[in-house]
Amino acid sequence: MGGVGRGANGRGTLAFCAFAMMLSGACGRAPEPATAKGTAAPAASPSNKASLWHREGRAPGPIIDIHGHLSLFGIDRIEAVLDAVGIEAIINLSGGSGRGGARNRMASRVLAERLGGRVINFALPDWDGCCDAAWAAREVQELRLARDQDGFAGLKISKALGLAVTDASNALIPVDDPRLDPLWRAAGVLGMPVAIHIADPKAFWLPATPENERYEELSVHPSWSWYQRGVPEWAAMLDAGERMFARNPGTTFIAVHFGNAAEDLARVRAMLGRLPNVCIDISARVGEFGRHPAAEVRQFFIDFQDRILFGTDIGIGDDHLMLGSNGAVEPTMADVLPFYEAHFRYLEGKERQIDHPSPIQGRWKVDAIELPDEVLDKVYRANARRVLGLGAGPIAPRPTRRPSPFAPAAASDPSVGAGAAPGMALRPTAPPASGSPPEEDH
Ligand SMILES: [Zn+2]
């Protein structure tokens with residue numbers, strides 16, 4: 001049966017993921033009018049309880065973090081982070097799948113409901129059985145159910161695709177495998193953007209020696225190395241992704257981690273120029289694209305100001321915290337605000353040689369790029385609102401058709417999901433695996 005490989009490319013290797021409009025029209029739905037209602041702070045903006053660094057004179061408006069990995073069991077910590085940072089919505093890319101991930105999907109739906117829609121879930125496919133026509137039909141139906149029953153907004157594809165997911169003949173499934181096209185087309189028809197992580201930092205294909213620029217990170221996570229692991233080359237994987245994007249022009253793709261190619265601005269520029277259905281996020285790659293000359297990066301952001309989404313790759317569970325990428329010692333909640341501030345300082349400020357948000361990814365410094373206010377407004381919020389179809393109104397829970405596990409009957413027995421199908425009951429004392437999102441989701 002197909003599924004996620006458990007050999008040399010097994011699940012344990014997938015604990016990490018990471019992340020530009022020259023042309024109007026861009027990825028997703030039509031941009032909001034130039035008057036940009038989406039750029040002003042609405043009355044419903046979250047309260048800023050903390051005093052975070054922002055450029056002098058810049059009123060910190062609400063932000064959308066397009067890239068998070070969240071667990072219901074970290075709900076208190078999630079809410080605290082949203083309030084303190086001024087995040088009006090965060091996208092949970094670990095929303096769960098159907099079938100084997102159904103409990104996680106329900107938990108994610110509850111998380112979104114409990115936080116008034118400030119968490120927006122993306123669904124995952126269940127690769128088991130991939131990739132015949134029956135599998136594709138099943139996963140298309142699961143995606144529809146995730147949207148209609150549980151209010152999910154998009155589809156997330158982890159880096160397992162292309163690196164670890166195998167088919168019935170135990171062969172790696174390439175990112176542009178035509179057997180997956182029904183899923184991409186369905187996402188487009190359903191109005192669900194696809195956030196996709198392809199490959200990994202280029203350095204992960206080189207020997208994990210002290211000469212490797214990601215040696216520190218690879219030392220902590222040796223399984224992240226793809227050197228001599230029988231997987232396609234870095235550039236070949238990205239080429240496959242671009243072929244797939246081009247074949248599905250009706251589907252919006254968010255190529256995470258700066259288009260998965262922060263090392264090569266020219267490659268990302270060419271991709272965005274050629275493929276109007278593709279956006280990128282900046283998650284877990286500020287340190288990487290920040291190595292290019294600041295003037296060059298700044299111009300890139302200006303050229304593609306409608307195609308770049310703010311995201312961090314923060315992971316929050318009850319016993320787990322990830323800030324872009326983790327080192328040997330897991331961060332604490334005290335590290336969260338400085339993590340977000342490092343993003344703001346880079347994007348808004350003009351300091352030279354400052355720390356980037358995830359130093360474990362490389363002990364070098366970056367030069368801030370001092371983006372214009374109108375570009376910041378788009379990157380922080382307006383682009384995400386457009387791609388997610390949020391309009392300009394206040395954030396609210398997305399409509400669902402399945403009864404909430406916290407519907408009236410739950411008052412007498414809160415451990416059992418009222419109205420949920422058998423086996424779908426939510427028991428907060430027995431999370432899906434741990435309080436952390438499944439590793440492969442990253
Ligand atoms: Zn991620």
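Student: Which residues is Ala 262 in contact with, leaving aside its neighbours within four places in sequence?
Tutor: In this predicted model, Ala 262 is in contact with His 257, Arg 285, Glu 288 and Phe 289 once those neighbours are left aside.

Student: And where does Ala 262 sit in the chain?
Tutor: Ala 262 belongs to the loop between α8 (256-259) and α9 (265-274).

Student: Is Ala 262 buried or exposed?
Tutor: Ala 262 is buried, because 26 other C-beta atoms lie within 10 Å and the cut-off for burial is 20 or more.

Student: How many residues apart in sequence are Ala 262 and Gly 287, and what is the C-alpha to C-alpha distance?
Tutor: Ala 262 and Gly 287 are 25 residues apart in sequence, and their C-alpha atoms are 9.0 Å apart in space.

Student: What does Asn 326 touch, not counting residues up to four places away in sequence?
Tutor: Asn 326 touches Pro 331 and Ile 360 on that basis.

Student: Which residues of α12 are buried?
Tutor: The buried residues in α12 are Val 336, Tyr 340, Ala 342, His 343, Phe 344, Arg 345, Tyr 346, Leu 347 and Glu 348. The cover over the buried residues of α12 includes α1 (75-85), α10 (286-289), β12 (321-323) and α13 (373-388).

Student: What span should α12 have at 1.5 Å a residue?
Tutor: The 13 residues of helix α12 (residues 336-348) should span 18 Å, and the end C-alpha atoms are 18 Å apart, so the two values agree.

Student: Now the sheet. In what order do the ten strands of the open sheet run?
Tutor: The order is β10-β9-β8-β7-β5-β4-β3-β2-β11-β12, with mixed pairing. The edge strands are β10 and β12, each of which pairs on one side only.

Student: Through what do strands of a sheet pair?
Tutor: Strands of a sheet pair through backbone hydrogen bonds, in either a parallel or an antiparallel sense.

Student: How many bridges join β8 and β9?
Tutor: Strand β8 (residues 253-255) pairs with β9 over three bridges, in the parallel sense. Ile 254 has Cys 279 as its bridge partner in β9, and Ala 255 has Ile 280.

Student: What about β9 and β10?
Tutor: Two bridges join β9 to strand β10 (residues 308-309), and these strands run parallel. Here the partner of Asp 281 is Leu 309 in β10.

Student: Which residues lie on each side of β9?
Tutor: In strand β9 (residues 278-281), Val 278 and Ile 280 lie on one side, with Cys 279 and Asp 281 on the other. These residues are all buried, and both faces of the strand are covered.

Student: One more topic: at roughly what angle do helices α3 and α5 cross?
Tutor: The axes of helix α3 (residues 133-150) and helix α5 (residues 181-190) cross at roughly 25° and come within 9 Å. The two helices are therefore roughly parallel to each other, since angles under 35 degrees count as such. The crossing is right-handed.

Student: Which residues meet there?
Tutor: Ala 136, Glu 139, Val 140, Leu 143, Arg 144 and Arg 147 in α3 meet Pro 182, Leu 183, Ala 186, Ala 187 and Leu 190 in α5.

Key
Residues are numbered from 1 along each chain as its sequence is written. This is a predicted model: local features need pLDDT of at least 70, side-chain atom pairs count only at pLDDT 80 or more; totals for chains, interfaces and linings use all residues. Helices (H or I, at least four residues) and strands (E, at least two) are DSSP runs, numbered from the N terminus. The expected span of a helix is 1.5 Å times one less than its number of residues. A residue is buried if 20 or more other C-beta atoms lie within 10 Å of its own, exposed if 12 or fewer, and partly exposed in between; C-beta atoms are placed from the backbone. Two residues are in contact if their C-beta atoms, placed from the backbone, lie within 7 Å. Two strands pair if DSSP finds at least two bridges between them. Axes are lines fitted to C-alpha atoms, for helices over the stretch in contact, and angles run from 0 to 180 degrees between N-to-C directions. Angles under 35 degrees count as roughly parallel, over 145 as roughly antiparallel, 65 to 115 as roughly perpendicular and the rest as oblique. A crossing is left-handed if the near helix is turned anticlockwise from the far one by less than a right angle, and right-handed if clockwise.
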